[in-house]
Amino acid sequence: MTSHPGAQDPRVVVLVYNDCANDSRVLKESATLHDAGYVTRIVAVERREKGHVAGRTALQERLDLERVPEFAIDRISPALAPLWRNLIRQGEVAPGGAPAAPDAAPVGRRAAGLKLAMLRRLRGVGERAYRTIALGTYWVNATRSALRFSPDVIHANDGNTLVPALAVRALSRRRVGIVYDSHELWRHRNIRPDRLLAPLVERLAESVGIRVADGVITVSPSIARWLEETYALPERPSLVRNVPAEGEAPDPSTGVLRERAGLAPEDKVIAYGGRITTSRGIEETIAALPHLPESVHFVLLGYGEPDALAAVRGEAARWGMEDRVHLVGAVAPDEVSRALADGDVAVVHVRPVCLSYRYALPNKLFESIRAGLPIAAADLPDMREVVEELGVGEVFRGTSAEDLAAALTAILEDPEPYRERALQAGPTLTWELEASRMLALYARVLERVEEGS
């Protein structure tokens, strides 16, 4: 890619509220901006428990990553840290986790139950307060970092970075452009329902931020339409789907699923690639296994929190499928397609528990297509459109385990036509083609910045 014409070393700050270690979209966007001639800095947040500490790391000559300090009680008041950890431990005790003595009085049991309920409520309030302070800390630190960099454009990834983006514009001595990148439908994502003030703040931040932004990017056609209609935007957000970078088509020899799971050549592999968490079709796929031959295994490639991995193992045990469900770890983001290539079929299932999930167009769909895998996809509008238009798989329209098993059976009986169409589609679904729309948007944003300077 060539440098942007008419701009001398334009500078971009990319804001993201995570450690950016595995955020493939942010890393790809930032590398694309760098290759197009932009001096680029990613401003993320440290996560010390994962080994990602505050500091600056050079990724390329004019592309770096700065993780700003996260909020931590032991930094502010070391004396309070043990009290907080003790509260969390007590709040996690299950109601039946500490059996009462046989002669315990009912009054004593009621008192213990009341104490536990109060601890849990206090823990919930404390957690919400902690998250609020942590986000506010990032806002302050990210704003300071961005102002020191003196950007021409702020790239705000998701609604939780709009406040520092707006602050940088307000505090800068010259005009700063804002690009809002909505990775999901922010106001309708899958979050805990007991938040009180946060939804109002998020709605206000997005309502203001998206209307004053110089450009908007998002990941699926349905989210683009929702944003345009809800906020009466003058133009539809640019669609930049989270697809893999171009490269040679993988073949089964590059896959790692069978080796890591210890499977035989004659075994059939249902592949899952992506973050391991709830509402992503993992539970449904495990429930479908009893309806499939014993030679069919479910292999999950990806990272997840310890409690999420434990939940997968527990679900496998519940269905008696411990020997057919395999957690095989993760690979680098740019290795996912190659690692999946020895699978037989991929399940791409998002449970539509919120509007953002209903409108999802996850990167694991495109990674699986690039790997040449047939797709068994949930009946969600954007996912269905891709799968049916390309002819790369089957869409299961029911919600039962039998419905998913039927789609998997249909594919496994004759997978080659789906596999051939997936391999044909791969070269048309590349990040380089998608990113051309992002770069065109940036060219327009810079023109507005220069006009307003």
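Two strands count as paired if DSSP finds at least two bridges between them. With that in mind, this predicted model contains an open sheet of 8 strands, in the order 3-4-2-1-5-6-7-8 and with mixed pairing.

**The sheet**
- Strand 3 (55-60) and strand 8 are at the edges, and each has a single partner strand, so one side of each is left without a neighbour in the sheet.
- Strand 5 and strand 6 run in the parallel sense and pair over 5 bridges.
- In this part of the sheet, V153 sits opposite G177 in strand 6.
- Helix 5 (residues 162-171) packs on the sheet and touches strand 1, strand 5 and strand 6. The direction of helix 5 makes about 175 degrees with that of strand 6.

**Helix 17 and the sheet**
- Helix 17 covers residues 431-452, and its 22 residues reach 31 Å from the first C-alpha to the last, close to the expected 32 Å.
- Its buried residues include W431, M438, Y442 and V449.
- The buried residues of helix 17 pack against several elements, among them strand 1 (11-15), strand 5 (153-157) and helix 1 (24-35).
- Helix 17 lies across strand 1, strand 5, strand 6, strand 7 and strand 8, and runs at about 165 degrees to strand 7.

**Helix 17 and helix 1**
- The axes of helix 1 and helix 17 come within 10 Å and cross at roughly 65 degrees, in a right-handed crossing.
- R25, K28, E29, T32 and L33 in helix 1 meet W431, A435, M438, L439 and Y442 in helix 17.
- By class, this contact has 6 nonpolar, 1 polar and 3 charged residues.

Note on methods
Residues numbered from 1 in each chain as written. Predicted model: local features only at pLDDT ≥ 70, side-chain atom pairs only at ≥ 80, totals over all residues. Heavy atoms only, no water. Helix = DSSP H or I, 4+ residues; strand = E, 2+ residues; numbered from the N terminus. Expected span 1.5 Å × (residues − 1). Buried < 20%, exposed > 50% of the residue type's maximum accessible area, 1.4 Å probe, protein only. Contact = heavy atoms within 4.5 Å. Axes fitted to C-alpha atoms, helices over the stretch in contact; angles between N-to-C directions. Left-handed = near helix turned anticlockwise from the far one by under 90°. Nonpolar A, V, L, I, M, F, W, Y, C, P; charged D, E, K, R; others polar.
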